[in-house]
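Keep the structure open beside you as you read.

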Amino acid sequence: MAKLSERDVCTKLITPALAAAGWDIQTQVREEVSFTKGRIIVRGKLVTRGKAKRADYLLYHKHLPIALIEAKDETHSVGDGMQQALEYAAALDVPYVFSSNGSGFQFHDRTGQATPIEQTLALNAFPAPADLWVRYQSWKGLAPAQVDVVLQDYFDDGAGKEPRYYQRNAINAATEAIARGQNRILLVMATGTGKTYTAFQIIWRLWKSEQKKRILFLADRNVLIDQTMVNDFRPFGPAMAKLSTSSKTIERADGSLVDLPLAIDKKRRIDPAYEIYLGLYQAITGPEDRQKLFREFSPDFFDLIVIDECHRGSAAEDSAWREILEYFGNATQIGLTATPKETSYVSNIHYFGAPVYTYSLKQGISDGFLAPYKVIKVHFDVDVEGYRPKPGETDKHGYEIDDRLYNEKDFDRTLVIDDRTQRVARWISEYLKQSGDRFQKTIVFCVDREHAARMRQALVNENADLVQQNPRYVMRITGDDPEGTAQLGNFIDPESRYPVIVTTSRLLSTGVDAQTCRLIVLDREVGSMTEFKQIVGRGTRVHEDTQKYYFTLVDFRKATNHFADPDFDGEPVQIYKPEPDDPPVPPDDGDSPGVDDDGNQLPIEPGEDEITLIDNNPVYPPPPGGGSGPKKFYVKERPVTVLLERVEYLDDAGKLVTESLRDYSRKAIRRHFASLDDFLRRWRSAERKDSVIAELAEEGLLLAPLQEEVGKDLDPFDLICHIAYDQPPLSRRDRANNVRKRNVFAKYGAQARVVLEALLEKYRDEGVVSDLDNVRVLEIPPFNAMGTPLQLIKQFGGKAGFEQAVREVQNALYAPLDESA
């Protein structure tokens, strides 16, 4: 009797065993659960998804996944699926893991509480739901009163939306920690992975279980508060209000309009009747006592505070956020961040504690939830060689330029070369034109607001045709520009075409959900790893409706050197290590402001490479003859040219590699097939040749763009042999002629030979004979003109004879040349 397939094992053996053990198949058991999206793979113009990770069985206690089963067919042993099961269980945070081939179960207890940790069970000995749940409670140390909080349902919108696996992990980790009495919680989740939705589900469960009754959600951008209220937090309804005196009408994601409810009246009196408050921290505090609106609440008013983007200074001792956190010190506080700020002076981890859950940018890209990216590094001659003025040279305003060597750190900060600005704008504009889509949402990060204004003007001049159609095609969005700032909502709205290109300095570097941003341009240094991760995060959101699956990062200032930093996307590192008698807060060491992200001592006075934040007006040079000299020199007539452009790819390990697609493909093929003999054995043994191609595609190797780069009309077999193993390639025409020389068709009748000759012609014109043994090919031209499929396969003695004949053609096509002569 034939061995049972994996699906047969599941249907006929595993599922009945679960039912017999007391598991409710309808409510507690889910089969074939895909929990990742599959990595997005970009090769040239071709974008695909890799295979999603899928658990064969997940077993639940209410909404908590507590057990995972990996099934194998009967040709495998009972424990053959265990290593894969353990990998999936680690990602899903599932404690009890099983592997089965239908003859029994191999059981692994990831909690370490069982003795032995791994054991083999009979098919009828699968643990009952109550057994595993008791073990789970013991492992987590949950008292009966805490169980109600842990098991509180998620919010269900009725449309089938549920948390992704990593969001579920974060929600459960935070909820369980709070149920056990932990009052400082840190969640680290990469930009674009749904921190706000995760926060909503945490708050919802704690609020519905009455564990927390009054909640404050803090952010530092009005747009974040407004969009949160009308989208993710919308289910809170009338229990929610904004801590603001300014009424506002906001458009929801579904297009409907809503007036935000306010908790503060015009006399700045607070309405204490609400349960969920959302506030802009700048709006409820300030340097003067009259501005500290949060003090209108009693210190015990809130029992939960959630701080969005908590890396933006909230853990610094003198920050406005920290003042609010200390005032409500008895409340449970949850910090949300993509990039925990860690220096010896400021430490979010020290304040909140180690993250209860971390989901990194690298993991998000690997899972396919975040968009991958390619990096283009552009080097100008003046950036590489530097600029030194001639003796006595003056700028265009008549100032004598200080005699020293200026480099890219100085450009647009202390010295402006107009032609450099124009060259950047021209490069960006040419890129958009050559891409075929001049309406790609684009952010250009500049040194300061004045640089952003000049860059906007340069981009307007380079795109005069589109600006004439709509002046909002290019806009500057900076804190001092109300017209530009008013367009921020339109820029991030996928439904709004304008603005297309925006220039900014820092306003768009964090917290702005620019889902459709496809191009990020760095024309300023980014010294902080925290800010660099945030900038990269502006492009990592996937937007399937507009087919935005990847983005491009263009670097004019070597900012992407951060990719080589071991801290990029690594685990957060705690630098401040207090001894038992030291204060819990990192101290201010007198005159020393501490160290930078690289561990170097910061100067007492601000350096040239620092940007002043408390400055509401751009600095322009005074007219010649007055003052002590300009803040910037403006160089005239200095041509700038591109020295080098370099494209870098993300490889299958998530690392940036600088190499041609040909070199990358050669390495990828050789990793899969160590030698030419290995590849030939696999190719010749494969009944369907496209299965070999599919194997390589799952590892990120796609042959279409490689074929385009090689520029030859090669069969995939020859393309692989040529690229990876330096074999001389044959054209498809040559291979087809070799089959004719071997007279492979001689043993067939006249009509059958006509069919096989047509198949050979189809191969010559279209490529590999991957599915030509499928009789459905006989339904299309030219075969449908020869007769019905049934009539044609009769010439081969039936379907099996037809398939055998095609396999003989394939074998002849790929036979060594000495056998083909």
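What share of the contacts in the protein with a separation of 6 or more comes from residues 24 or more positions apart? The share is 69%. Please bear in mind that you are looking at a predicted model. There are 821 residues in the protein, and 52% of them are buried. As for secondary structure, you will find 28 helices and 27 strands.

How confident is the predictor? The average pLDDT of the protein is 78, and 79% of the residues score at least 70. Among the elements, strand E6, at residues 96-100, has the highest mean pLDDT, 95, while helix H28, at residues 817-820, has the lowest, 48.

Now turn to helix H24, which spans residues 732-742 and packs against helix H25, residues 750-766. Their axes lie 8 Å apart, at an angle of about 160°. Because angles over 145 degrees count as roughly antiparallel, H24 is described as roughly antiparallel to H25. The crossing of these two helices is right-handed. On the H24 side, the residues that meet H25 are Arg732, Arg733, Arg735, Ala736, Val739 and Arg740. Their partners in H25 are Glu757, Leu760, Glu761, Tyr763, Arg764, Asp765 and Glu766. By residue type, this contact has 9 charged residues, 4 nonpolar and no polar ones.

H24 has a further partner in helix H27, residues 799-813. The axes of H24 and H27 come within 9 Å and cross at roughly 110°. An angle from 65 to 115 degrees counts as roughly perpendicular, so H24 is roughly perpendicular to H27. This crossing, too, is right-handed. Here Arg735, Ala736, Val739 and Arg742 of H24 touch Val809, Ala812 and Leu813 of H27. The residues of this contact divide into 5 nonpolar and 2 charged, with no polar ones. If you compare the lists, you will see Arg735, Ala736 and Val739 in the contact with H25 and again in the contact with H27.

Leaving aside neighbours within four places in sequence, His451 is in contact with Asp412, Cys446, Asp523, Arg557 and Lys632.

The other residue is Ile492, in helix H17, residues 488-492. With a relative accessible area of 12%, Ile492 is buried as well. How far apart in space are Ile492 and Thr516, C-alpha to C-alpha? They are 7.3 Å apart, although 24 residues separate them in sequence.

Definitions and conventions: Residues numbered from 1 in each chain as written. Predicted model: local features only at pLDDT ≥ 70, side-chain atom pairs only at ≥ 80, totals over all residues. Heavy atoms only, no water. pLDDT = per-residue confidence, 0-100. Helix = DSSP H or I, 4+ residues; strand = E, 2+ residues; numbered from the N terminus. Axes fitted to C-alpha atoms, helices over the stretch in contact; angles between N-to-C directions. Parallel < 35°, antiparallel > 145°, perpendicular 65-115°, else oblique. Left-handed = near helix turned anticlockwise from the far one by under 90°. Contact = heavy atoms within 4.5 Å. Nonpolar A, V, L, I, M, F, W, Y, C, P; charged D, E, K, R; others polar. Buried < 20%, exposed > 50% of the residue type's maximum accessible area, 1.4 Å probe, protein only.
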